[in-house]
Amino acid sequence: MGKKTVRYKTLKKLSESLPCASRPRTLRALNTLQKVIKDSSRAADTMESVLLTLRQSILNRYSISGNLRDNELFLKHVLDKSSDLVYRSFQVGNTPGLLIFVDGLTDKRLINTDVLRPLIQYGKDVKPEEMLQNRDLKEILQNRVITSAQLSAGTMLGEAVDRILSGDVAIFLDGMEQVLFASLRSWDRRSVEEPQVDPVIRGPREGFTENLRTNTSMIRRRLKTSDLKMELLQVGRLSQTNVVIVYLAGIPDDALVEEVRRRIGRIEVDAILESGNIEELIEDDPASIFPQFAYTERPDKLASSLLEGQIGILVDNTPFALIAPQTFFQMMQAPDDYYERSTVMTFIRLIRFVFLFIALLLPALYIAVSTFHQGMIPTTLLFSMAASRENIPFPAFVEAMIMEIFFEGLREAGVRLPRPIGQTVSIVGALVIGQAAIQAGIVSAPMVITVSITGIASFIIPRFNQALAIRVLRFLLMILAGTLGLYGVFAGFLAILIHMASLRSFGVPYLSPVAPLEWRALKDVFIRVPWWAMITRPDFAGSEGDRRMDAALRPRPPR
């Protein structure tokens, strides 16, 4: 209740700073609200949202006053206790003016050269009586005086607050019932570097940064077409984070684009700090362990996805772009697959699928066979395993759980520590502790080999979020193997397949094009056919049958 009272007093001060014509109506609403707070304890539970709504109503409904002092008082009430806010008074002839901007978000040099100096010089060149008689002062300042490339005008107080906090410079003049906004945004930013999460073997060595406009320019450089659309949305009541929906008009289905736009538009949250916040709020099945979005730092990866009918989501302040819809088999593809020869990359892709099954099933199969189905093991190998486990005090299931949990902890420690130290800890920990555990008789050598191969296999999966899902499911299959043997492993694997078959990513089946089966699309699933054979786009996201190259591009030997 105390916080609501403080917020009420703040709103009352805010309303008192409004232009005179707007003041009575707002004060009446606040007085009524105060009576509700005093008279009804039940209503007090919802006062926070009511007060926030009223504050936003004040900002959105009332326009700029012709009285410079009223505007200044209002903005100082709204933006109070903001030490980084700069109020710069100036004179244009005999007319007082005010610049408001956030220190650190704007370029002060451009403010001096493009805004402040031209305004003061114009006041010296024009006679005061001519300025007073001029009714088109805004147009003159906008078209002849201020030299900023991006200049616009606004009439609402709420718009002025949003633009100032976004890094624009607000220009107020006494007697002018509009405010001019000069876009002179400038802040420290990270330079374009090689992607860290998506390592590059062959391909462009530049990655997205935390600056949204830098990221959109990288896409524009790769797709120089008017069909490339970038729709800007603002998400987050407090953060007002810029989110850009990127797609190629005419390739994805219009209903898919509208669905992405609708899901992002309905997000009501305080702040969006990273693209992962949006991912969890708009995915089809939030209870599924499998990722329904891909994320990438590579502009070439996003550009190639757009060409296949997918949609990109760029979020300000993060270098990770989201790609949707996404299928399981696309998660097993790497950008480098398309920059090397098709025969070699087909072999590499098949190796990935083999190691995918190893990462998921190998520990569970070892537990099931060594505990319940020893008859399936060759005799020589069985004797060797029995000899290595002779002095081990734990059953295979407990032994495997100890080693897997240790390995996951070691991997997490390597990620969280500084990079040089983390690599050292991972290597030394795996070698020294593993060997010491064998010599101490805590675990057997076959188990260490099994866990090591499993760990290596999980690193081969190209997408980190997909590898995380496999790592978690491995533990579930190990529990089933320790209780039900191979029956439990097969039942768990079947349950995973059933779940994946029922999963959707923006309406696209997660196992597409294998389930449902689309023969033509299999040319880029388990194998990668040559570029000259990829004549049409994939049969999902509404791009079925779209041709992307001439059928006569197959290289032919000279005659």
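**Exercise 1.** Classify E259 as buried, exposed or partly exposed.

Solution. The model is predicted; local features need pLDDT of at least 70, side-chain atom pairs count only at pLDDT 80 or more, and totals for chains, interfaces and linings use all residues. Residues are numbered from 1 along each chain as its sequence is written, and side-chain values use heavy atoms, with hydrogens and water left out.

Step 1. Buried means under 20% relative accessible area, exposed over 50%, and partly exposed in between (1.4 Å probe, protein chains only).
Step 2. The relative accessibility of E259 is 23%, so E259 counts as partly exposed.
Step 3. E259 belongs to helix α10 (residues 254-265). Helices (H or I, at least four residues) and strands (E, at least two) are DSSP runs, numbered from the N terminus.
Step 4. The side chain of E259 has a polar contact of 2.7 Å with that of R263. A polar contact is a pair of N or O atoms within 3.5 Å; within protein, one must be able to donate a hydrogen and the other to accept it, and residues adjacent in sequence count only if both atoms are side-chain atoms.

**Exercise 2.** Determine on which side of α7 its buried residues lie.

Solution. 
Step 1. The buried residues of α7 (residues 137-145) include L137, K138, I140, L141 and V145.
Step 2. These residues cover an arc of only 165° around the axis, which puts them on the same side of α7. The arc is that of the directions from the helix axis to the C-beta atoms.
Step 3. The buried residues of α7 pack against α5 (108-125), β3 (151-154), β4 (169-173) and β5 (179-182).

**Exercise 3.** State how α14 is oriented relative to α16 and to α19.

Solution. 
Step 1. Helices α14 (residues 342-372) and α16 (residues 396-416) pack at about 160°, their axes 9 Å apart. Axes are lines fitted to C-alpha atoms, for helices over the stretch in contact, and angles run from 0 to 180 degrees between N-to-C directions.
Step 2. This makes α14 roughly antiparallel to α16. Angles under 35 degrees count as roughly parallel, over 145 as roughly antiparallel, 65 to 115 as roughly perpendicular and the rest as oblique.
Step 3. For α14 and α19 (residues 464-484), the angle is about 15° and the axes are 8 Å apart; the two helices are therefore roughly parallel to each other.
Step 4. Residues of α14 in the contact with α19 include L356, A359 and L360, and those of α19 include I470 and L473.

Key. Contact = heavy atoms within 4.5 Å.
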